[in-house]
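Dear colleague,

I am passing on the model that we discussed, and I would be glad if you could look through it beside the notes that follow. The notes begin with a term and then go from the whole chain to single contacts.

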Amino acid sequence: MPRPLDPSVLETGIKTTMGHALDYILSPPAAYELSFLVLAVLTGFVLGKFILQRNADMLGAMRPEMATLVRLNLVPALCCSLVWFIEWLLRMDGFRTVILDTAGNLLLAWVAMRTVSCLVFSHFWARFISTFLWIFASLNIMGILDPLISLTERFGFTLGDVRVNLPMVVKATIFLFILTRLGFWFVNIVANRLERLHEVSPSNRLLIVKLLKSLILIMAVVATLDEVGVDLGALAILTGTIGVGLGFGLQKIIANLVSGLILLSDKSLRPGDVIQIGQIYGWVASMNARYTLVATRDGTELLIPNEEFITSRVVNWSHSSPNMRIKIPISIAYGSDLDKAKAIMRRAASNTDRVLAAPLPVTRLRRFGDNALELELRIWIGDPENGTSLVIDNILSQIYHDFAQAGIEIPFPQRDVRMHVVGDHDGKKKEK
């Protein structure tokens, strides 16, 4: 059983460390260290600003996040390097370098914090990691980091042959975070390169990126477990059992994941396609591992499970071509000039924006209706993702005004009522 923590021991260590630090700061050698520290910081600041100014064009050509990383870290990194270089020279001559060592650690923590702020886009996690780094650096400077780590290693539990404690968990978390961030940064570079390759279709680009992210995540977890001393062979049976349980409990999720990979690999659905599934009409905004995001014309974003695209009937209006044909039914009264009405309809379609000139708008006489000649105007548009209602509205409005000027009547339903008069038994006529 580990002995309980005695707070007085830690308090005594802190007071002793602070007393020694105060005595050294008031000593003459500290003045020399402070002079060298000021010299190193001023030199690093001036040199860093000069380098940034001379290479402004090169920074402008870099990726935005990389340029920001260089701008934020170049000056403190140069100051830290100069401080460590001067510290090394003084130690070669036998001088104590307490202040320079402390300043170097603080500058290194500053560089780490700025790097985290660039790599971590979440404000909360950036602040959390920065605070952790400051605490880590402060404990190291005060000389109580190693005793504190040794103390926390005494508390934990044993899992198989592995001792699980707080330092191990912190180490595994940091290692996993660094590996995943570096891996996803590499994936983003690959994704940007694939965007420039027009030979690779959007669905294939998305498939490659998702497979790379999954592979990197698995490799990061395996490397982290190996780094903290977990025997991967001993976990084989456990992970197999967990996998079987997850397979039964998460059938729908696994089905959606597999369906997403199928959709990306067979190119039946791609980002930007205009689709209709059931009563839903919209365009594919993005494709994810579990669901596909479909945006509609009314601003609604629908998260549709990938399995529905495999098992349901899906109309893809832009699978092989972005062009889409629209049929607009129009009726005119009997006795109207049919050829003139057709010409007006074609002219109204040709004068409407978004209607393609090729194929040309055409009109067809569908049938002789009960009350009208039923016509149909067929047009083509090249941007179905922008909807069809506005195009139809513009065409029908123009046809209505042109029909009115040409004297072509748009009929309405009507019935003829005939009166038949017959005689009754009294010889009188009765009207029905």
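In what follows, buried means under 20% relative accessible area, exposed means over 50%, and partly exposed covers what lies in between, with a 1.4 Å probe and protein chains only. This is a predicted model, in which local features need pLDDT of at least 70 and side-chain atom pairs count only at pLDDT 80 or more, while totals for chains, interfaces and linings use all residues. Residues are numbered from 1 along each chain as its sequence is written, and side-chain values use heavy atoms, with hydrogens and water left out.

As to confidence, the chain averages a pLDDT (the predictor's confidence in each residue, from 0 to 100) of 78, and 82% of the residues score at least 70. Over residues 1-5 the pLDDT is below 50, and this stretch has four contacts in the model beyond near neighbours in sequence, a contact being heavy atoms within 4.5 Å. Where pLDDT is low, the predicted coordinates should not be read in detail.

The chain has 14 helices and twelve strands, taken as DSSP runs (H or I over at least four residues for helices, E over at least two for strands) and numbered from the N terminus. Of its 432 residues, 29% are buried. Among contacts between residues at least 6 apart in sequence, 61% join residues at least 24 apart.

Once neighbours within four places in sequence are set aside, Ile-399 is in contact with Ile-330, Met-345, Ala-348 and Leu-377.

Helix α11 (residues 251-266) reaches 22 Å from its first C-alpha to its last over 16 residues, close to the 22 Å expected at 1.5 Å a residue, where the expected span is 1.5 Å times one less than the number of residues. Its buried residues are Asn-256, Ser-259, Gly-260, Leu-263 and Leu-264. Seen down the axis of α11, they fall within an arc of 130 degrees (taken from the directions from the helix axis to the C-beta atoms), so they line one face of the helix. Just after α11, Lys-267 takes a positive phi of about 60 degrees. The C-alpha atom of Ser-259 is separated by 9.6 Å from that of Thr-311, 52 residues apart along the chain; Thr-311 is found in helix α12 (residues 306-311) and is exposed, at 60% relative accessibility.

Finally, there are five salt bridges, each a side-chain nitrogen of Lys or Arg within 4 Å of a carboxyl oxygen of Asp or Glu. One of them joins Glu-87 and Arg-91 (2.9 Å, N to O), which are four residues apart in helix α4 (residues 64-92) and thus separated by about one helical turn; Glu-87 is buried, at 5% relative accessibility. Another joins Arg-270 and Asp-273 (3.7 Å, N to O), where Arg-270 is partly exposed at 21% and Asp-273 is buried at 5%. Arg-367 pairs with Glu-374, with the closest N and O atoms 2.9 Å apart, and Glu-374 is partly exposed at 25%.
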